[in-house]
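Please read it beside the sequence and the coordinates.

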Amino acid sequence: MKKTVVKICMGTTCFVMGASELQELEEIIPKKFGNSVDIQGVTCLDYCSSCSEAQAPYVLVDDEVINKATIEKVMEAIERKLNNGQE
Amino acid sequence: MFIDIDCAQEKKYNQNTYGDYFLSKRYPQSGDLIAVLSDGLGSGIKANILATMTATMLLKFVEAGADIKTACEVIMNSLPVCKVRKISYSTFSVAHCSEDGEVRIVEEGNPNFVYISGNNVVEPPYTVIDSDTFTNRHMRVYKLQLKLGDRLIFCSDGVTQAGLGSPELKLGLRRSGLIRFLLEKINDTPDISSSELAKFVVRVALNTEADRKAKDDTSCCVIYYREPRRALIFTGPPYHQEKDNEYAHEFYNSDAKKAICGGTTANLISRELNIPVYNNVRSVGKLPAVSQMEGVDLVTEGILTLTKTYEYLENGFNDKEKNAAYDLMQFLLSSDCIEFMVGAKLNQAHYDPNLPIEIEIRKNIIKKMAKILENKYIKKVTVRYI
Ligand code: FES
């Protein structure tokens with residue numbers, strides 16, 4: 001099965017808008033999903049300038065963009081992904 | 001050649017301020033450096049004021065275009081004499097150094113400096129100029145040509161007289177004792193920095209005192225001509241995107257130590273040169289963590305890290321955890337010549353009033369940083385907007 005990849009934007013805008021709160025995902029994700037999910041920090045994804053900085057922080061779960069990301073929103077998105085994969 | 005200069009001081013035991021004063025200034029345009037060490041009569045506040053005054057006046061004089069010989073002559077002839085002790089209010093040494101190794105030195109009253117070339121002491125010729133107004137006052141004037149690796153060591157008499165009167169050293173450490181220690185140290189660590197060597201001399205002087213308490217204000221200033229340690233910092237995307245590739249190559253091929261400050265900048269270089277960047281999810285303190293890239297010594301986030309680094313440079317590092325800004329500060333302070341390549345493209349997203357904090361414009365923070373590095377840390381800084 002292909003791994004799901006979670007990319008957390010650590011760019012300046014996302015960081016000040018709350019991405020620093022998301023680092024806990026580094027522990028929560030493996031606990032819940034084992035190693036079927038990969039997690040990476042990335043630099044500015046450019047959504048802050050092309051979409052809106054007010055929607056930051058941004059997280060990518062595979063190709064799904066999550067804006068105003070929170071731990072809950074990211075976890076939900078991963079779950080959705082994994083469930084879809086099973087169907 | 002780069003002129004590495006630093007001074008270490010210890011105040012007289014039981015005094016609350018230094019009676020010696022050290023001042024130095026670099027002039028980036030000409031590459032010149034002027035350093036003054038002055039020893040005020042007595043100790044404590046009075047000596048401090050005398051020394052500070054003498055050193056500041058000398059520097060201002062030379063800055064205004066006077067050559068140091070003339071400046072020193074004026075000062076020598078005008079410095080008052082202490083009514084009680086009938087000796088000068090303060091003594092001084094001034095060095096005017098240029099990058100090519102030419103050094104002019106004037107000394108009045110301070111112990112003779114020590115000139116070390118290779119592992120030998122050189123005793124250069126000098127001329128004596130007597131004061132027109134004071135019979136017992138005269139100054140020594142030197143003109144030297146230094147080579148790579150040469151050092152000059154200046155001290156206040158607190159060093160040469162350390163241990164005075166003790167059973168082993170009736171006349172104190174003296175210049176000869178100081179030279180012995182210096183040669184030994186330089187033999188052990190030929191590359192020792194000015195700051196380390198100056199600290200070493202002050203330590204030696206203290207250790208020479210029976211109870212390790214300084215009997216007089218003790219200062220040592222070291223000037224060392226060496227190959228400069230260069231650092232190059234790339235921050236912000238270039239204004240013209242079509243130049244990205246050119247600048248990325250220029251940066252990467254430089255033989256300086258390299259840092260990238262900015263995620264977007266790191267991406268750009270990674271893309272243009274096809275070298276991966278590894279980012280961390282972890283943040284340390286309130287800053288994003290450093291990233292890794294082969295061939296680059298330090299990769300950090302941009303504006304937040306720069307702002308924090310500036311704060312540390314100004315007020316000292318005072319956080320619990322060593323974060324990216326700490327690393328960047330160390331990176332800067334361990335270099336002599338620092339060049340910033342500053343991309344002039346603005347990140348619009350940073351200037352939205354909705355952001356919870358105000359973000360400084362990159363150009364401004366770099367300007368402030370360059371200034372403090374130059375003035376407080378005596379670095380040679382160039383800023384290039386690209
Ligand atoms: S900083 Fe996250 S998208 Fe720009």
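**Basis and confidence**

This is a predicted model, in which local features need a pLDDT of at least 70, side-chain atom pairs count only at pLDDT 80 or more, and totals for chains, interfaces and linings use all residues. Residues are numbered from 1 along each chain as its sequence is written, while chains are lettered from A and ligands numbered from 1 in the order in which they are written. The model scores ipTM 0.75 and pTM 0.66. The pLDDT, which is the predictor's confidence in each residue on a scale from 0 to 100, has a mean of 85 in chain A, where 94% of the residues reach 70 or more; chain B averages 86, and 94% of its residues score at least 70. Within chain A, confidence is lowest in H3(A), at a mean of 82, and highest in strand S3 (residues 59-61), at 92.

**Make-up of the chains**

Helices (H or I, at least four residues) and strands (E, at least two) are taken as DSSP runs and numbered from the N terminus. Chain A has four helices and four strands, arranged along the sequence in the pattern β-α-α-β-α-β-β-α, whereas chain B has 10 helices and 20 strands. A residue is called buried if 20 or more other C-beta atoms lie within 10 Å of its own, exposed if 12 or fewer do, and partly exposed in between, with C-beta atoms placed from the backbone. On this basis, 41% of the 87 residues in chain A are buried, and 46% of the 386 residues of chain B are buried. Two residues are in contact if their C-beta atoms, placed from the backbone, lie within 7 Å. Among contacts in chain A between residues at least 6 apart in sequence, 65% join residues at least 24 apart; in chain B, residues 24 or more positions apart account for 69% of the contacts with a separation of 6 or more.

**Contact between the chains**

The contact takes 21 residues from chain A and 23 residues from chain B. On the side of chain A, the elements that give two or more residues are helix H1 (12-16), strand S2 (37-42) and helix H3 (47-50). By class, that side divides into 10 nonpolar, nine polar and two charged residues, where Ala, Val, Leu, Ile, Met, Phe, Trp, Tyr, Cys and Pro count as nonpolar, Asp, Glu, Lys and Arg as charged, and the others, Gly among them, as polar.

**Nonpolar cores**

A nonpolar core is a set of buried Ala, Val, Leu, Ile, Met, Phe, Trp, Tyr and Cys residues joined through C-beta atoms within 7 Å. The largest has 69 residues, and those with the most contacts inside it are A:Ile8, A:Cys9 and A:Val59. Helix H9 (residues 324-333) of chain B gives the most to this core, with six residues. Leaving aside neighbours within four places in sequence, A:Ile8 is in contact with residues including A:Leu22, A:Val42, A:Val59 and B:Val281. A second, separate core of 61 residues includes B:Ile5, B:Leu33, B:Ile34 and B:Val201.

B:Ala35 lies in strand S3 (residues 32-40) of chain B, and B:Ala248 in helix H6 (residues 244-253) of chain B. B:Ala35 counts as buried because 27 other C-beta atoms lie within 10 Å, and B:Ala248 because it has 20 C-beta neighbours inside 10 Å. Not counting residues up to four places away, B:Ala35 touches B:Ile5, B:Ser24, B:Ala95, B:Cys221 and B:Ile223, while B:Ala248 is in contact with B:Leu268, B:Ile269, B:Glu272 and B:Leu273.

| Pair | Separation in sequence | C-alpha to C-alpha distance |
|---|---|---|
| B:Ala35 and B:Ile223 | 188 residues | 9.2 Å |
| B:Ala248 and B:Ile269 | 21 residues | 5.4 Å |

**Backbone features**

Most residues other than glycine have a negative phi, and most peptide bonds are trans. A:Asp46, in the loop between S2 and H3 of chain A, has a positive phi of about 80° and is partly exposed, with 14 other C-beta atoms within 10 Å. B:Asn274 has a positive phi of about 60° and, with 7 C-beta neighbours inside 10 Å, counts as exposed. The peptide bond from A:Ala56 to A:Pro57 is cis, with omega near 0°, and A:Pro57 lies in the loop between H3 and S3 of chain A.
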